[in-house]
Amino acid sequence: MPFFLLGYYFMQHTCEECGKQYKHAKNLDRHKRFECKREKKFHCLYCDYAGYQKIHVNVHISRRHKDMMDPNIFI
Ligand SMILES: [Zn+2]
Ligand SMILES: [Zn+2]
């Protein structure tokens, strides 16, 4: 394998948060600062809603899916 390809192959920069890979450190840096934290990671169990933070989803569920949270519904 040519030297430049070897370097290319090993120069992978991986985001510890989401596992995305970038060939250039500056792209990973940009991803971490502007993209990664902005991705909606937390999803509602009952609908398509997704939030940036778990607390947002919890608030959403308590407001929109109050009936589903009622333990009596499972009896
Ligand atoms: Zn990431
Ligand atoms: Zn929902």
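Predicted model: local features only at pLDDT ≥ 70, side-chain atom pairs only at ≥ 80, totals over all residues.
Residues are numbered from 1 along each chain as its sequence is written, and local features need pLDDT of at least 70, with side-chain atom pairs counted only at pLDDT 80 or more, while totals for chains, interfaces and linings use all residues. Chains are lettered from A and ligands numbered from 1 in the order in which they are written.

**Exercise 1.** Describe the secondary structure of the chain.

Solution. Start with the terms: helices (H or I, at least four residues) and strands (E, at least two) are DSSP runs, numbered from the N terminus. The chain has four helices and four strands. Along the sequence they follow the pattern α-β-β-α-β-β-α-α.

**Exercise 2.** State where Phe42 lies, and classify it as buried, partly exposed or exposed.

Solution. Phe42 belongs to strand E3, residues 42-43. A residue is buried if 20 or more other C-beta atoms, placed from the backbone, lie within 10 Å of its own, exposed if 12 or fewer, and partly exposed in between. Phe42 is partly exposed because it has 15 C-beta neighbours inside 10 Å. In the chain of 75 residues, 3% count as buried.

**Exercise 3.** List the residues that Phe42 touches, leaving out those up to four places away in sequence.

Solution. Two residues are in contact if their C-beta atoms, placed from the backbone, lie within 7 Å. Under that rule Phe42 touches Ala50, Gly51, Gln53, Lys54, His56 and Val57. For Gln53, 11 residues away in sequence, the C-alpha to C-alpha distance from Phe42 is 6.3 Å.
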